[in-house]
Amino acid sequence: MGDLSQVPTEFLTALSALRKATCRPELRLEELPAPSRLAPYAVALGAEVTTLESPPRPPVHGPAMGDSAQGGGEELATGRFILLHDPSGSAVWDGTFRIVTYIRAQLEADIGNDGMLGSVAWTWLVEALENHQAPYRNAGGTATRILSESYGSLADRDDSIDIELRASWTPTGPQVQSHLQAWSQMVCTFAGLPPLPDGVAALGRRRRK
């Protein structure tokens, strides 16, 4: 990011808050190159949930921790978390910060065919933010199901469905620790890892090959 003396205090406060986020050990979180065209200041994190076939990493993560643990487990879910900041504010965002996220997980075909899958995924987002007491406004997003069918020499593979959730919302200030924790819990929920919030059922893990 260059000279930190030129970085707004609010954005530095937000980065510090992200570093304090505590996530589950199944979640591997690392910093990625941030987009440069969406806002004057940005930080991006990538997440991956795998089966634990190697010792879990410490549960505290943040943008300052660039050394990701090397795990050998099966991938269950992936995601991206991007924090944008424009000191001038944005009428579209309704604020000076915006969080943009993406989560993807593969499900068994019989589970992925549930017509309520998209609305369930959106409910997970809303409930995760509320359960972690992460104040926000102006949230929006899309849920997409992608069917994968195999033919020819791959015909013995089972059909599968990927669920993708793309969402964004405006945090009420730079204290975004709870927002990252809520999102990381969502990634774990997509991966089918218990426990889940009260009243929310798991979709189930992806099919083992």
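Colleague: Are W124 and F190 buried or exposed?

Modeller: Both W124 and F190 are buried in this predicted model. For F190 the relative accessibility is 3%, and buried means under 20%, so F190 qualifies.

Colleague: Where does F190 lie, and which residues does F190 contact beyond its neighbours in sequence?

Modeller: F190 is part of helix α4. With neighbours within four places in sequence left aside, F190 is in contact with A77, I103, A105, L107, A121, W124, I163 and L165. One of these, L107, is 83 residues away along the chain, and the C-alpha atoms of F190 and L107 are separated by 9.1 Å.

Colleague: How many aromatic pairs are there?

Modeller: The count is 3 aromatic pairs. One of them is tilted: F81 and W183, at 5.5 Å centre to centre with 55 degrees between the planes. F81 and W183 are both buried.

Colleague: What is the geometry of the pair that W124 and F190 form?

Modeller: W124 and F190 are edge-to-face, with 5.2 Å centre to centre and 70 degrees between the planes. W124 belongs to helix α3 (residues 117-131) and F190 to helix α4, so this pair ties together parts that are 66 residues apart in sequence.

Colleague: Now the core. Which residues touch the most other members of the largest nonpolar core?

Modeller: That core has 43 residues, and V49, F81, L83, L180, W183, M186 and F190 touch the most other members. At least two residues each come from α1, β1 (27-32), β2 (41-50), β3, β4 (95-108), α3, β6 and α4. Helix α4 gives the most, with 7 residues.

Colleague: What does F81 contact?

Modeller: Leaving aside neighbours within four places in sequence, F81 is in contact with L18, V43, A44, L45, I99, V100, T101, H179, L180 and W183.

Colleague: How should I read burial along a helix, and which residues of α1 are buried?

Modeller: Look at the directions in which the buried residues point from the axis. In helix α1 (residues 9-19), the buried residues are F11, A14, L15, A17 and L18. They cover an arc of only 160 degrees around the axis, which puts them on the same side of α1.

Colleague: Last, a polar residue. Where is S168, and which side chain does S168 join in a polar contact?

Modeller: S168 is in strand β6 (residues 160-171). Its side chain and that of R98 are joined by a polar contact of 2.8 Å. At 18% relative accessibility S168 counts as buried, because the cut-off is under 20%. Not counting residues up to four places away in sequence, S168 touches R98, I99, V100, N138, A139 and G140.

Terms used. Residues numbered from 1 in each chain as written. Predicted model: local features only at pLDDT ≥ 70, side-chain atom pairs only at ≥ 80, totals over all residues. Heavy atoms only, no water. Buried < 20%, exposed > 50% of the residue type's maximum accessible area, 1.4 Å probe, protein only. Helix = DSSP H or I, 4+ residues; strand = E, 2+ residues; numbered from the N terminus. Arc of directions from axis to C-beta. Phe/Tyr/Trp six-rings, centres within 6.5 Å; stacked < 30°, edge-to-face > 60°. Contact = heavy atoms within 4.5 Å. Polar contact = N/O pair within 3.5 Å; in protein donor to acceptor, adjacent residues only side chain to side chain. Core = buried A, V, L, I, M, F, W, Y, C linked by side-chain atoms within 4.5 Å.
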